[in-house]
Amino acid sequence: MRASIRGRVELAVRVQAALSLPTKKEAEHVVNVLIQSLETTLLNNLQMDGFTLKLNGFGKFYVRHRPGIRRKIGFTGETI
């Protein structure tokens, strides 16, 4: 799960302006730490069904465990 490079650059520019950071490299570091923290939080709670992480103005991430879909193969009649 990685953000696109173009999106990260734009986000870093906005973070640099919002936090008044002197260099773009510092802003990129803040963005990378934030994205890595989001990924780690979701992965740490992967086993917990129904875990939600809501970021206002950005979206809602949630973990959902659903049973697999069983389908019948037409020619063989086998159910997978």
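## Basis of the model

The model is predicted, so that local features need pLDDT of at least 70 and side-chain atom pairs count only at pLDDT 80 or more, while totals for chains, interfaces and linings use all residues. Residues are numbered from 1 along each chain as its sequence is written, and side-chain values use heavy atoms, with hydrogens and water left out.

## Overall form

The chain has two helices and two strands, which follow one another from the N terminus in the order α-α-β-β. Here helices (H or I, at least four residues) and strands (E, at least two) are DSSP runs, numbered from the N terminus.

The radius of gyration of the chain is 20 Å, whereas a compact globule of 80 residues would have one near 12 Å; the value is taken over C-alpha atoms, and the globule rule is 2.2 Å times the number of residues to the power 0.38. Along the principal axes, the C-alpha atoms fill a box of roughly 65 × 30 × 20 Å. Among contacts (heavy atoms within 4.5 Å) between residues at least 6 apart in sequence, 8% join residues at least 24 apart.

## Surface and burial

## The nonpolar core

The largest nonpolar core consists of five residues, namely Ala12, Val15, Ala27, Val31 and Ile35; such a core is a set of buried Ala, Val, Leu, Ile, Met, Phe, Trp, Tyr and Cys residues joined through side-chain atoms within 4.5 Å. The elements that give two or more residues to this core are α1 (5–19) and α2 (24–44), and α2 gives the most, with three residues.

Val31 is found in helix α2 and is buried, with a relative accessible area of 3%. Leaving aside neighbours within four places in sequence, Val31 is in contact with Leu11, Ala12 and Val15. Ala27, not counting residues up to four places away in sequence, touches Ala12, Val15, Gln16 and Leu21. Val31 and Asp49, by comparison, are 18 residues apart in sequence and 28 Å apart in space, C-alpha to C-alpha.

Note on methods. Buried means under 20% relative accessible area, exposed over 50%, partly exposed in between (1.4 Å probe, protein chains only).
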